[in-house]
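Let's go through some labels and ask what each one rests on. Here is the structure in question.

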Amino acid sequence: MEQDEYFSVHTGLTINVEPLASDECLPDEQTFIQEIPPLFRVASECSGLEESAERTLKGFGKEDNKALLTYLAAQNSKINLLLSFVLSQQDNPNFRYITDSFGASQLTFVSNSPFTVGTSVRVKLFLEHPPAAIYCYANVAACGTKVHEDDSDEKQAQYPITLRYNRLQEDDRDLLIRAALHIQQKLLRVRAQQRTES
């Protein structure tokens with residue numbers, strides 16, 4: 001599938017974007033796989049296991065196994081809370097940004113400093129649902145400029161940045177698709193509720 005075929009959703013995810021040092025270059029696929037931190041691998045595997053378990057549990061009769069399903073949901077919530085906490089420790093405030101949009105092929109965010117188009121960056125994305133973190137590399141595809149006025153009426157330049165992933169595991173791309181679909185469904189439910197209320 002071409003990158004442009006994935007849709008993006010407008011939402012704020014916490015991300016870390018670290019420009020590569022002048023002596024660093026984009027790793028090849030094999031090196032990239034080896035350098036993914038173990039915690040990110042565990043998070044990805046846990047999310048995959050959770051999705052598989054959810055599909056299996058949907059086959060159970062709801063009334064017959066209500067107590068079991070409630071217990072398993074509680075255990076899953078505990079594990080997700082713990083996983084989210086541990087993953088939050090990987091968030092580096094020096095490289096922290098909030099996305100304007102994200103999808104399985106690219107993301108956008110606003111920076112107070114420009115990024116050079118064509119350069120590679122190391123990226124960590126912290127997902128809420130499913131609770132996971134993704135480690136990847138991306139290419140700076142665009143860097144715009146817009147002027148923003150703060151509370152003191154001072155004008156400050158801000159830079160809308162578009163990153164396109166160029167090192168991303170397929171399992172992690174699937175996670176991004178699931179996360180984007182989850183957010184899209186939430187937005188559609190909110191819109192439907194607003195239409196019903198008005």
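What follows is a set of questions and answers about a predicted model.

Q: What makes up the fold, in helices and strands?
A: The protein has 4 helices and 8 strands. Along the sequence they come in the pattern β-β-α-α-α-β-β-β-β-β-β-α.

Q: How many residues does the protein have, and what percentage of them count as buried?
A: There are 198 residues, and 33% of them count as buried. The accessible surface is about 12200 Å², with 51% of it belonging to carbon and sulfur atoms.

Q: What share of the contacts with a separation of 6 or more comes from residues 24 or more positions apart?
A: That share is 71%.

Q: What makes E1 and E3 a strand pair?
A: Two strands need at least two bridges between them to pair. E1 (residues 8-10) and E3 (residues 96-103) are joined by 3 bridges and run antiparallel, so they pass. Ser8 stands opposite Gly103 in E3.

Q: Which other strands pair with E3?
A: Strand E2 (residues 14-19) is joined to E3 by 3 bridges, again antiparallel.

Q: Why are Phe32 and Tyr135 called stacked?
A: The structure has 7 aromatic pairs. For Phe32 and Tyr135, the ring centres are 6.4 Å apart and the planes sit at 15 degrees. Pairing needs centres within 6.5 Å, and stacking needs planes under 30 degrees apart, so this pair is stacked. Phe32 is in helix H1 (residues 29-35) and Tyr135 is in strand E6 (residues 132-143), so the pair ties together parts that are 103 residues apart in sequence.

Q: How do you know whether Phe32 and Tyr135 are buried or exposed?
A: Buried means under 20% relative accessible area. Phe32 has 0%, so Phe32 is buried. Tyr135 has 7%, so Tyr135 is buried too.

Q: What kind of pair do Tyr135 and Tyr137 make, and why?
A: Their ring centres are 6.2 Å apart and their planes are at 85 degrees. The edge-to-face label asks for over 60 degrees, so this pair is edge-to-face. Tyr137 is buried, as is Tyr135. Phe32, Phe40, Tyr135 and Tyr137 form one aromatic cluster.

Q: How do you know that Arg122 and Glu18 form a salt bridge?
A: The cut-off is a nitrogen-to-oxygen distance within 4 Å. Their closest N and O atoms are 3.5 Å apart, so the pair qualifies. Arg122 is in strand E5 (residues 120-127) and Glu18 is in strand E2, so the bridge ties together parts that are 104 residues apart in sequence.

Q: Why does Arg122 count as buried while Glu18 counts as partly exposed?
A: Arg122 has a relative accessible area of 12%, so Arg122 falls under the 20% limit for buried. Glu18 comes in at 26%, so Glu18 lands between the limits of 20% and 50% and is partly exposed.

Q: What makes Asp91 and Arg96 a salt bridge?
A: Their closest N and O atoms are 2.8 Å apart, so the distance is within the 4 Å cut-off. Asp91 is buried at 17% relative accessible area, whereas Arg96 is partly exposed at 40%. Elsewhere, salt bridges that share partners join Glu18, Glu24 and Arg122 into one network. The structure holds 5 salt bridges.

Q: Why is Leu82 called exposed?
A: Exposed means over 50% relative accessible area. Leu82 has 56%, so Leu82 counts as exposed. Leu82 lies in helix H3 (residues 66-88), and together with Phe85 and Val86 makes a nonpolar surface patch of about 290 Å².

Technical notes
Residues numbered from 1 in each chain as written. Predicted model: local features only at pLDDT ≥ 70, side-chain atom pairs only at ≥ 80, totals over all residues. Heavy atoms only, no water. Helix = DSSP H or I, 4+ residues; strand = E, 2+ residues; numbered from the N terminus. Patch = residues over 30% accessible without salt bridge, like charges linked within 9 Å, V, L, I, M, F, W, Y side chains within 5 Å. Areas by Shrake-Rupley, 256 points an atom, 1.4 Å probe, with all protein chains shown as cover. Salt bridge = Lys/Arg side-chain N within 4 Å of Asp/Glu carboxyl O. Buried < 20%, exposed > 50% of the residue type's maximum accessible area, 1.4 Å probe, protein only. Phe/Tyr/Trp six-rings, centres within 6.5 Å; stacked < 30°, edge-to-face > 60°. Contact = heavy atoms within 4.5 Å.
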